[in-house]
Amino acid sequence: MSHEAHEPETPHLDFQGTTPYEDYVKADVLTHLQHTLSDDPGEMVFLVTTQVMELWFTVIVHEWETAAKALRQDDVPVAVDALKRSVRELEALNASWKPLSGLTPAQFNSYRAALGEGSGFQSAMYRRLEFLLGDKSASMLVPHRGAPRVHAELEKALHEPSLYDEVLRFLARRGHPVPEGVLRRDVSLRYEPSAEVEAVWTAVYSGDGRDEVARLGEALTDVAELVWRWRNDHLVATRRAMGAKAGTGGSAGVAWLEKRARKNVFPELWTARSYV
């Protein structure tokens, strides 16, 4: 038997056309989407970070739509798996604030004019994310009227049950006393907290913590916590970069973000804990 050391085989490098990696990832497309509009070198990190956030929004929307579909089919394990994946993705999304978290007003002002009327609240994918959380508003479709495909996708999401609506319908099918008014509500409107739903979650959390409904509740709570952290990180980064000035695109800037940060996602999951 030969004990000679063998060099590892050289990987196949000669491809006809693009590489299989490029065909799958489309890296060349992704890395040529950055077109800065100012001479400031700091604009590149702002633009790339924003684009990365959009990609994470897309993944998270996919996970929550997967969870909603699974709940319609009473498949709790698949729903919980999707929610748990989204928790890790939300952690990555929230970490995206790091490159921007230390921006000073002078640094931001050096390329802020390049944004023009652009603002994060105009993000269609982020709006779909918020709609899935139950924060619906028909007025948020208005900025997208000029983009028919995007507008149609948002309008569809507006009129579909949110992830939380599907959770409550699932609870009702499991025999929990979710009121008819909640189950039959106009899902195109913002979800409003219900004392009866709070009582349902109180009963769930007062029972066996290993029950799959309780585990579903905790997965949803993990999601809600990280959404709250996202909103707060956004608020802090904006406050550092521009203080209390009005935001771009006609938004109220920090004042609007402060209002958002005070809202709980899946509210009864939080308030019910006071009664367990």
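The model is predicted: local features need pLDDT of at least 70, side-chain atom pairs count only at pLDDT 80 or more, and totals for chains, interfaces and linings use all residues. Residues are numbered from 1 along each chain as its sequence is written, and side-chain values use heavy atoms, with hydrogens and water left out.

**Exercise 1. Describe the secondary structure and the burial of the protein.**

Step 1. The protein has 13 helices and 0 strands; helices (H or I, at least four residues) and strands (E, at least two) are DSSP runs, numbered from the N terminus.

Step 2. Of the 276 residues, 42% are buried, where buried means under 20% relative accessible area (1.4 Å probe, protein chains only).

**Exercise 2. Determine how the buried residues of α5 are arranged and what covers them.**

Step 1. F108, Y111 and R112 are the buried residues of α5.

Step 2. Viewed down the axis of α5, these residues fall within an arc of 115°, so they line one face of the helix. The arc is taken from the directions from the helix axis to the C-beta atoms.

Step 3. The cover over the buried residues of α5 includes α3 and α11.

**Exercise 3. Characterise the largest pocket and its lining.**

Step 1. On a 1 Å grid over the protein atoms alone, a pocket is an open set of points where a 1.4 Å probe fits, with protein on both sides within 12 Å along at least five of seven lines; lining residues have an atom within 4 Å of a point.

Step 2. The largest pocket has a volume of about 1100 Å³, the volume being the space filled by probe spheres set on the points, which are joined across faces, edges and corners. Of its 40 lining residues, F46, T50, L115, S119 and G120 are the closest to the centre.

Step 3. α3 (43-72), α5 (105-112), α6 (124-132), α11 (212-242) and α12 (254-261) each supply at least two lining residues. The most come from α3, with 8 residues.

**Exercise 4. Locate S188 and identify its surroundings.**

Step 1. S188 lies in the loop between α9 (180-183) and α10 (195-206). Its relative accessible area is 13%, so S188 is buried.

Step 2. The side chains of S188 and D186 make a polar contact (2.7 Å), a polar contact being a pair of N or O atoms within 3.5 Å, of which one must be able to donate a hydrogen and the other to accept it; residues adjacent in sequence count only if both atoms are side-chain atoms.

Step 3. Leaving aside residues up to four places away in sequence, S188 touches K136, S137, L158 and H159, with contact meaning heavy atoms within 4.5 Å.

Conventions
Nonpolar A, V, L, I, M, F, W, Y, C, P; charged D, E, K, R; others polar. Buried < 20%, exposed > 50% of the residue type's maximum accessible area, 1.4 Å probe, protein only.
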